[in-house]
Amino acid sequence: MKLVLGCIADDYTGASDLANTLARQGLRVVQTIGLPREGFVLPEVDAVVVALKTRSVPPGEAVARVLAAADWLRGRGAAHVMFKICSTFDSTDAGNIGPVTEALAGACGAAIVPVTPAFPETGRTVFQGHLFVGSRPLHESPLKDHPLNPMRDSDLVRVLVRQSVGRVGLVPLDVVEDGAAAIAESLLALVGEGYRAAIIDAVAERHLTALGEVAFGMKVSAGASGLGLGLARAAIAAGLVVHGAADEAWPDVGGSAAIIAGSCSAATLDQIAAVDGRIPVRRLDVSRLIGSDACVAETVAWAVAKLGDGPVLLASSEAPDGVAALKSAHGEAVGARIEGGLAEIAAGLVARGVRRLIVAGGETSGAVIDRLGVAALRIGAEIAPGVPLLRGVGGEVMLFALKSGNFGGRDFFTRALAMMR
Ligand SMILES: Nc1ncnc2c1ncn2[C@@H]1O[C@H](COP(=O)(O)OP(=O)(O)O)[C@@H](O)[C@H]1O
Ligand SMILES: O=C(O)[C@@H](O)C(=O)COP(=O)(O)O
C-alpha cells in the first residue's frame with residue numbers, strides 16, 4: 001500500500017481535526033499516536049496523520065520528531081508531507097512552525113513551503129497575511145490569552161519571520177482568487193527572489209481547493225484543516241482515491257462516560273457552563289492538583305461515586321485572570337503539570353470503567369492519550385466541525401472525542417455524549 005498523503009500534526013486534537021477533514025472528503029485515514037511502534041499493522045488507508053505533541057516543546061525536539069515522522073511517511077510512499085498546524089497559528093517566537101517547516105523543506109527537498117492556517121468552516125480566514133478568528137483579528141480574539149502561546153500579532157508573515165531563518169513571502173488574495181496557475185506562478189517568482197516560505201491568503205473553500213491543487217504537486221505544505229481539504233480534493237482529482245470511504249459502523253462500547261477539560265479557551269469555558277447544573281461538574285483546585293497525589297485520588301473517587309447515574313465533568317479550566325494568577329504563582333511550566341494531573345485522573349477513571357471519554361484541549365488530550373497508551377485512532381462521524389468521534393486502537397476498547405479548545409458550539413458536550421454509545 002502506497003500512501004497518497006502523509007500528514008504530521010503538532011498536537012492530537014489538530015490531528016483528529018485534519019483526519020476528520022480528510023475522511024469527510026472521502027479518504028481512508030488513520031491517526032497514529034506518534035510513530036507507530038514495532039508490530040503496528042497499518043490498516044489499508046490513503047492517508048496517515050501522525051499525531052505528535054510538539055507544539056509547545058523546544059524547537060530542536062519538535063524538529064527531530066517531525067523529521068522522523070516525515071521519514072516514516074515518505075518510506076510508505078507519501079510524495080507530499082503536510083505539517084498540520086493550528087488554525088490560530090499557535091506558536092511562539094521560538095517556534096515551532098518556522099523551525100519545523102524549514103527542517104521539513106530541507107529534508108524533503110522543497111524549494112518553498114506554502115503556509116496557511118485558513119479554515120473557513122470554523123471562521124479562520126487569512127487576508128493580506130492577517131489571520132481572522134471569526135470577525136476579529138487574531139490578536140483581538142480570545143487566543144491573545146492562551147495559557148501556553150498567547151497570540152498577540154495577527155500579521156502571519158511577521159510572526160513566521162520571527163521564527164524563521166529564511167525569507168517569508170505572501171501570496172495575496174487577488175492572486176489566489178485567480179486560481180491554481182496564478183498561485184503556482186507566484187510561488188515560483190517568490191523562489192526566484194529567495195523566499196523559502198509563503199503565507200497564502202484564503203477566505204473561502206474555493207481558495208483552498210486551488211491551493212491544494214498546487215500544493216499537492218509540491219513536497220511540503222503547512223496549514224490547518226482547510227489546506228487538508230484542498231490536498232484531499234487534489235488527490236481525488238488526480239484519480240488517486242478511487243473508492244468511496246464510508247463511515248465505519250462501530251459496535252457500542254458501553255461503560256461509563258466522562259469529560260475532562262484542561263482547555264481555558266473561551267469556547268470551552270462556555271461549553272462547561274452549558275452543562276453545569278445538568279450533569280455533575282467538579283472544578284478542580286489546580287494548586288492542589290499540581291501539589292498532591294491526594295487530589296487525583298479524591299477526584300476519581302468523587303467521579304466514581306456518580307458515574308453510575310451518568311456522565312461527569314472534571315475541569316481545571318479557568319478564565320484568563322485565573323490562568324494569569326496561577327502562572328505567576330507557579331511559573332510557566334504549570335500547564336504541563338496540570339496536564340499530568342488530568343492524565344492521572346483519566347487513567348484512574350478508565351481503571352474504574354470509563355470507556356467513553358471526551359477531552360477538551362489539545363495539549364490536555366495529548367497528555368491523556370499518551371497516559372492511556374492508545375496506539376492509534378480510527379475516525380468516525382463528525383460531532384462538530386473539526387471534531388470527529390474516535391475509536392482507540394490498542395489498550396482498552398474506547399470511544400474518544402478530543403476537542404480543540406476553541407472548537408464546537410455551546411452544546412458540544414451534550415452532542416458528543418449523545419453520539420458516544
Ligand atoms: N487553571 C489553569 N491555569 C493555567 N493553565 C491551565 C489551567 N488549566 C489548564 N491549564 C493549561 O492550559 C493549557 C491548555 O492548553 P490545551 O489543553 O492545548 O487547550 P486548548 O485546546 O484550549 O489550547 C494546558 O497546558 C493546561 O494544562
Ligand atoms: O486547527 C485547529 O484549530 C485545531 O485543529 C487545533 O490544532 C487546535 O489546537 P488546540 O486548541 O490546542 O486543541
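A backbone N or O atom of Gly362 lies 3.1 Å from an oxygen atom of ligand 2 in this predicted model, a polar contact being a pair of N or O atoms within 3.5 Å. Within protein, such a contact also needs one atom able to donate a hydrogen and the other able to accept it, and residues adjacent in sequence count only if both atoms are side-chain atoms. The contacts of ligand 2 are listed below.

| Residue | Atom in the residue | Distance to an oxygen atom of ligand 2 |
|---|---|---|
| Ser87 | polar side-chain atom | 2.5 Å |
| Ser404 | side-chain N or O atom | 2.9 Å |
| Gly362 | backbone N or O atom | 3.1 Å |

Taken alone, ligand 2 exposes 350 Å², and the protein buries 95% of that; accessible areas come from the Shrake-Rupley method with a 1.4 Å probe, and for residues only the protein chains shown count as cover. The largest cavity is the space taken by ligand 2. A cavity is a set of points, on a 1 Å grid over the protein atoms alone, where a 1.4 Å probe fits but cannot get out. A molecule sits in a cavity if more than half of its atoms lie within 2 Å of its grid points.

There are 13 residues around ligand 2, of which Thr13, Asp17, Arg55, Ser87 and Ser404 come nearest; a residue is near if one of its heavy atoms lies within 4 Å. Helix 1 (residues 12–25) supplies the largest share of this shell, 3 residues. Helices (H or I, at least four residues) and strands (E, at least two) are DSSP runs numbered from the N terminus.

An open sheet of 3 strands has the order 6-7-8 with antiparallel pairing, where two strands pair if DSSP finds at least two bridges between them. Strand 6 (124–127) and strand 8 (136–137) are the edge strands, each pairing on one side only. Strands 6 and 7 are joined over 4 antiparallel bridges, and they form a hairpin with 2 residues between them. In its turn, Gln128 has a positive phi of about 50°. Thr125 has Phe132 in strand 7 as its bridge partner. Phe132 also stands opposite Pro137 in strand 8; strand 7 (residues 130–133) and strand 8 pair antiparallel over 2 bridges.

The unreviewed UniProt entry annotates residues 5–229 as "domain: Four-carbon acid sugar kinase N-terminal"; such annotations may be inferred rather than shown by experiment. Over residues 5–229 the chain is 38% helix and 21% strand, with the end C-alpha atoms 12 Å apart.

Residues are numbered from 1 along each chain as its sequence is written, while chains are lettered from A and ligands numbered from 1 in the order in which they are written. In this predicted model local features need pLDDT of at least 70, side-chain atom pairs count only at pLDDT 80 or more, and totals for chains, interfaces and linings use all residues; side-chain values use heavy atoms, leaving out hydrogens and water.

Technical notes:
1 Å grid on protein atoms, 1.4 Å probe; cavity = no way out; pocket = protein on both sides within 12 Å on 5 of 7 lines; lining within 4 Å.
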